[in-house]
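Good morning, and thank you for the time.

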Amino acid sequence: MAYEVEEKFQFSDTPTVESRLKELGFVPSKQVEFVDWYFDTDKNEMSLQDCWLRFRGRSNVDGDWELKKGQGNTSTGTTVYEEIVGEEAISVTKTILVDGGCKISEQRADDDNGFDAPPLPDFASDLPLQAFCRLETKRSSWEVDKEWPTQTHAGLSVDLDVTNTGYSIGEVEMVVDDRDQIKDANKRVQSLIAELIEGSAPCEGPATGKLEQFLIINRPDHYEACLEAGVIKRR
């Protein structure tokens, strides 16, 4: 089982943070554009358990289903997720909803809130899920140069995202195979972020992610419910 140990950081000037990454031995690995559609029930039964089902792709027919299951947050703001991809993401979602008492015999709402959302697979057509968010992102991904003299940050990756609304957010991530490795990965993620934002104005509390920013602006009741459930930390 793989665990994603990740933490976000705010940045406002892309060239500055890219220059800092190069100084630390990172090189760009890819640049992509994609769209995320996030799904939940009308009672937000997935997100209130820190489970986030999304379809990520270039269009609503060309992409993959992904489920991120929260494994708990650290006091420093680092998050740990198990990520499940493909049809298994839908199957696990169905199990989570059934175990939580959700009535899956209900028909999925026809209204996709104007997001032109992808359809659920046929075997999951009985799930009462609908899209509640659509985000377009331009991403620049970075990894450590294998020829760099020191490999202090080997195994860490960095994503710099800019959304169609102009919101910028960075993320440092390390993937580990064992829960015993999470503590060390957390320290390494924190260390890199400290180097990346050195000299910048400090951010009070965890950085605000793209989806969280969307909830704050567009779904304040949903955001407040996530705060009350402890899924999102108060700032």
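Let me begin with a question: is E224 buried, partly exposed or exposed? With a relative accessible area of 31%, E224 is partly exposed. The terms are used as follows: buried means under 20% relative accessible area, exposed means over 50%, and partly exposed lies in between, with a 1.4 Å probe and protein chains only as cover.

A word on the source. This is a predicted model, in which local features need pLDDT of at least 70 and side-chain atom pairs count only at pLDDT 80 or more, while totals for chains, interfaces and linings use all residues. Residues are numbered from 1 along each chain as its sequence is written, and side-chain values use heavy atoms, with hydrogens and water left out.

I turn to the chain as a whole. It contains 5 helices and 8 strands; helices (H or I, at least four residues) and strands (E, at least two) are DSSP runs, numbered from the N terminus. In sequence order, the pattern reads β-α-β-β-β-β-α-β-β-β-α-α-α. The C-alpha trace spans about 60 × 35 × 35 Å along its principal axes. For 235 residues, a compact globule would have a radius of gyration near 18 Å, and the chain agrees, at 18 Å. That radius is taken over C-alpha atoms, and the globule rule is 2.2 Å times the number of residues to the power 0.38.

Of the 235 residues, 46% are buried. The chain exposes about 12200 Å², of which carbon and sulfur atoms supply 46%; these areas come from the Shrake-Rupley method with a 1.4 Å probe, and for residues only the protein chains shown count as cover. Among contacts between residues at least 6 apart in sequence, 64% join residues at least 24 apart, where contact means heavy atoms within 4.5 Å.

Now to helix α5, where E224 is located. In general, an α-helix has 3.6 residues a turn, so residues three or four places apart point the same way. Just after α5, G230 takes a positive phi of about 80°.

With 12% relative accessibility, F214 counts as buried. Beyond its neighbours within four places in sequence, F214 is in contact with F115, F132, C133, R134, L135 and R219.

Next come the salt bridges, each defined as a side-chain nitrogen of Lys or Arg within 4 Å of a carboxyl oxygen of Asp or Glu. By this rule the count comes to 14. In one of them, R56 and D36 meet at 2.7 Å, N to O. R56 is in strand β3 and D36 in strand β2, so that pair links distant parts of the chain, 20 residues apart. Both R56 and D36 are buried.

R54 and E66 also form a salt bridge, with 2.7 Å from N to O. Since R54 lies in strand β3 and E66 in strand β4 (residues 62–73), the pair ties together parts that are 12 residues apart in sequence. R54 is buried at 8% relative accessibility, and E66 is buried with a relative accessible area of 11%.

E224, with which I began, bridges to R234, the closest N and O atoms being 2.9 Å apart. R139, D159, D161 and K210 are linked in a network of salt bridges.

Finally, what is the nearest side chain of opposite charge to E173, which is buried yet has no salt bridge? It is K68, 5.3 Å away; here Lys and Arg count as positive and Asp and Glu as negative, while His and the chain ends are not counted. E173 lies in strand β8 (residues 168–176). Residues up to four places away in sequence aside, E173 touches E4, V5, E6, G155, L156 and S157.
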